[in-house]
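Could you walk me through this structure, stop by stop, while I have it open in my viewer? Please tell me what to select next and what is there.

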Amino acid sequence: MWVVSWLRGTGLIEIIIYAAILTVISAFVVNSVIIINNALVRVRLERRTVINADQATQKLIREIRQASSLNASSTLNVSPGDLSLRTYVNATSSALTDADIYLDSGRLVYKKGSGSPIFLTDSNVSVTRLFFSQITASSSRAVKFELALSASARKSTASSTFYGTAILRGSYD
């Protein structure tokens, strides 16, 4: 009598081999998903710090360029620094007012005149270093700043340091 071999069932050894192969593939896939998720969290944190730094440095440079002088109350060459500017009310005005840039609870704050303070960084990004220094040349004055930001989520942290320099308005005449 002829026995058809393809009608036979699978053996116990074949099932164990298939289960082992499936386990190895599953472990690889789960590990890959975890790695990709951690990388995505890190990229989001880095993006958050860069966006906050971009907004803050643009505001700092704009305000320094609009200022006519530094106030004596400025805290320079230390971290955290405090920058107090004698600045114009707006770009076309000749009226002067004070503008302050400082840290409050790890956030960068801007305050112009008697107005309300404005946070320049988000609450989920902390400023770890704020350093201002004055540069004086024969015909101009400038302010150099260093801004270090850090953001954390879960077990990931992203931190970056950003630099900028701006010449005070009218100091180069």
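Start by selecting Ser-105, which is found in the loop between β3 and β4 (107-112). Strands here are DSSP runs of E with at least two residues, helices are runs of H or I with at least four, and both are numbered from the N terminus. Ser-105 is not a glycine, yet its phi is positive, at about 55°. Its relative accessible area is 72%, so Ser-105 is exposed; that word stands for over 50%, buried for under 20%, and partly exposed for what lies in between, with a 1.4 Å probe and protein chains only.

A word on the model before moving on: it is predicted, so local features need pLDDT of at least 70 and side-chain atom pairs count only at pLDDT 80 or more, while totals for chains, interfaces and linings use all residues. Residues are numbered from 1 along each chain as its sequence is written, and side-chain values use heavy atoms, with hydrogens and water left out.

**The five-stranded sheet**

Now colour the strands around that loop. They belong to an open sheet of five strands, ordered β1-β2-β3-β4-β5, with antiparallel pairing. At the edges you will find β1 (67-70) and β5 (118-119), each of which pairs on one side only. Two strands are taken as paired if DSSP finds at least two bridges between them.

Zoom in on β2 (residues 83-88) and β3 (residues 96-104), which pair in the antiparallel sense over six bridges. Tyr-88 stands opposite Leu-96 in β3. Next, show the side chains of Arg-86 and Asp-98, which meet in a salt bridge at 3.0 Å, N to O. This pair links distant parts of the chain, with Arg-86 in strand β2 and Asp-98 in strand β3, twelve residues apart. A salt bridge here is a side-chain nitrogen of Lys or Arg within 4 Å of a carboxyl oxygen of Asp or Glu. Arg-86 is partly exposed at 27% relative accessible area, and Asp-98 is partly exposed at 32%.

Then select Arg-107 and Phe-119: Arg-107 lies over the face of the Phe-119 ring, at 3.8 Å from its centre. To count, NZ of Lys or CZ of Arg must be within 6 Å of the ring centre and within 35 degrees of the ring normal.

**The loop between β1 and β2**

Two residues deserve a click here. Pro-80 sits in the loop between β1 and β2, and a cis peptide bond with omega about 5° joins Ser-79 to Pro-80. Asn-77 lies in the loop between β1 and β2 as well. Although Asn-77 is not a glycine, its phi is positive, at about 60°. With 49% relative accessible area, Asn-77 is partly exposed.

**Along helix α1**

Turn to Arg-47, found in helix α1 (residues 12-66). Arg-47 is exposed, with a relative accessible area of 58%.

Next, pick Arg-42 and Glu-46, whose closest N and O atoms are 3.3 Å apart in a salt bridge. Both lie in helix α1, four residues apart, which is about one turn of the helix. Arg-42 is partly exposed at 34% relative accessible area, and Glu-46 is partly exposed at 34%.

Select Glu-146 and Arg-129, a salt bridge with the closest N and O atoms 2.8 Å apart. The pair links distant parts of the chain: Glu-146 is in strand β7 (residues 141-153) and Arg-129 in strand β6 (residues 126-136), 17 residues apart. Glu-146 counts as buried at 16% relative accessibility, whereas Arg-129 is partly exposed at 30%.

From β7, step across to strand β8 (residues 156-167): twelve bridges join the two, and they run antiparallel. Pick Ala-148 and you will find its bridge partner in β8, Thr-161. Finish at the hairpin of β7 and β8, which has two residues between the strands and where Arg-154 takes a positive phi near 50°.
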